[in-house]
Amino acid sequence: MLESIRAVIGRDLRLAMRRQADIVAAMFFFIIVVSLFPLGVGPEAAQLRRLAPGVLWVAALLATMLSLPRLFADDHRDGTLEQLALAPQPLALIVLGKVIAHWLVAGLPLVLLAPLLGIQFDLAGDALAVLTLSLLIGTPALSGIGAIGAALTLGVRGGGVLLSLLVLPLYVPVLIFGAGAVDATLSGLGPQAHLSLLGALALGGVFFAPWPTAAALRVALE
């Protein structure tokens with residue numbers, strides 16, 4: 001089972017390296033959206049610190065969504081998804097590998113960029129550390145939940161818009177606890193409660209989402 005997951009991750013990463021423009025586009029989208037807020041709001045440090053958690057998390061959420069429509073679409077178009085569904089391994093394990101690969105390509109770069117962009121908002125070192133940790137814990141949940149929406153809208157005309165309508169409400173708890181952890185740090189409170197809930201959402205998104213995703217893929221392939 002681990003070999004199957006590792007093979008799917010390796011395959012998806014190799015395919016992603018052939019489409020590096022998509023990765024760079026998502027990173028630049030994240031950088032541009034975050035950088036526009038200090039320019040539009042003004043240089044007042046206290047106001048920027050209040051806005052920082054929500055702005056960075058919303059930008060990360062939207063940047064992650066850019067690559068969701070292609071999570072299964074390319075494999076569905078060339079017939080690879082049908083072959084994966086006929087494989088002896090459970091389809092949910094294959095989906096788990098694709099979710100992990102999606103996070104490595106679409107989520108991890110945002111985690112690495114977040115501390116640098118947080119400096120624009122005059123965040124202190126402890127707040128930057130919590131921001132990075134919250135994104136590291138929470139972005140896998142975005143990939144897992146997004147996989148469900150990508151499977152449900154697979155092959156549907158105008159699926160990108162429908163995907164956003166399906167996924168964005170499910171992202172709200174992740175956004176609340178992710179930004180809340182940084183807010184709690186800025187207020188002098190501990191972020192442990194928010195991070196714990198965020199970790200629970202991440203575990204649910206990564207390890208439980210593949211099963212409904214696999215069911216939705218089988219419906220799309222029929």
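Me: Where is the kink in α6 centred, and how is a bend read?

Reply: The bend at a residue is the angle between two fitted axes, one through the seven residues ending there and one through the seven starting there. In this predicted model, α6 has a kink of about 40° centred on Leu104. Helices here are DSSP runs of H or I with at least four residues, strands are runs of E with at least two, and both are numbered from the N terminus.

Me: What should I keep in mind about the numbering and the model?

Reply: Residues are numbered from 1 along each chain as its sequence is written, and side-chain values use heavy atoms, with hydrogens and water left out. Because the model is predicted, local features need pLDDT of at least 70 and side-chain atom pairs count only at pLDDT 80 or more, while totals for chains, interfaces and linings use all residues.

Me: How many residues of α6 are buried?

Reply: Buried means under 20% relative accessible area, exposed means over 50%, and partly exposed lies in between, with a 1.4 Å probe and protein chains only. In α6, 22 of the 28 residues are buried, so the helix is largely enclosed by the rest of the structure. Over the protein chain, buried residues make up 47% of the 222 residues.

Me: Where is the kink in α7?

Reply: A kink of about 30° lies at Gly138, shortly before the proline Pro140. Helix α7 covers residues 125–152; its 28 residues should span 40 Å, and the end C-alpha atoms are 41 Å apart, which agrees.

Me: Which residues does UniProt list as "transmembrane region"?

Reply: The unreviewed entry lists residues 21–39, 51–72, 93–116, 128–154, 161–182 and 194–221. UniProt positions are given in the numbering used here, feature names are shortened, and annotations may be inferred rather than shown by experiment. In the model, residues 93–116 are 100% helix and 0% strand, with end C-alpha atoms 35 Å apart. Residues 128–154 are 93% helix and 0% strand, and their end C-alpha atoms lie 37 Å apart.

Me: How many helices and strands does the protein chain have?

Reply: The protein chain has ten helices and zero strands. The radius of gyration is taken over C-alpha atoms, and the globule rule is 2.2 Å times the number of residues to the power 0.38. The protein chain has a radius of gyration of 18 Å, close to the 17 Å that the rule gives for 222 residues, so it is as compact as a globular protein of that length. Its C-alpha atoms fill a box of roughly 55 × 30 × 30 Å, taken along the principal axes.

Me: What share of the contacts is between residues 24 or more positions apart?

Reply: Contact means heavy atoms within 4.5 Å. Of the contacts in the protein chain with a separation of 6 or more, residues 24 or more positions apart account for 80%.

Me: What is a salt bridge, and how many are there?

Reply: Side chains of opposite charge can pair when their charged atoms come close. The rule asks for a side-chain nitrogen of Lys or Arg within 4 Å of a carboxyl oxygen of Asp or Glu. By this rule the count comes to eleven salt bridges.

Me: Which residue forms a salt bridge with Arg19?

Reply: Arg19 pairs with Asp74, and the closest N and O atoms are 3.5 Å apart. Arg19 lies in the loop between α1 (2–18) and α2 (20–41) and Asp74 in helix α4, so the pair ties together parts that are 55 residues apart in sequence. Arg19 is partly exposed at 29% relative accessible area, whereas Asp74 counts as buried at 17%.

Me: What does Arg70 touch?

Reply: Not counting residues up to four places away in sequence, Arg70 touches Arg19 and Asp22. Arg70 lies in helix α4 (residues 70–78) and is partly exposed, with a relative accessible area of 35%. Asp22 forms a salt bridge with Arg70, the closest N and O atoms being 2.6 Å apart. This pair links distant parts of the chain, with Asp22 in helix α2 and Arg70 in helix α4, 48 residues apart.

Me: Which residue meets Arg49 in a salt bridge?

Reply: The partner is Asp122, at 2.4 Å from N to O. Arg49 is in helix α3 (residues 45–65) and Asp122 in the loop between α6 (91–118) and α7, 73 residues apart. Elsewhere, salt bridges that share partners join Arg19, Asp22, Arg70, Asp74 and Arg77 into one network.

Definitions and conventions. Expected span 1.5 Å × (residues − 1).
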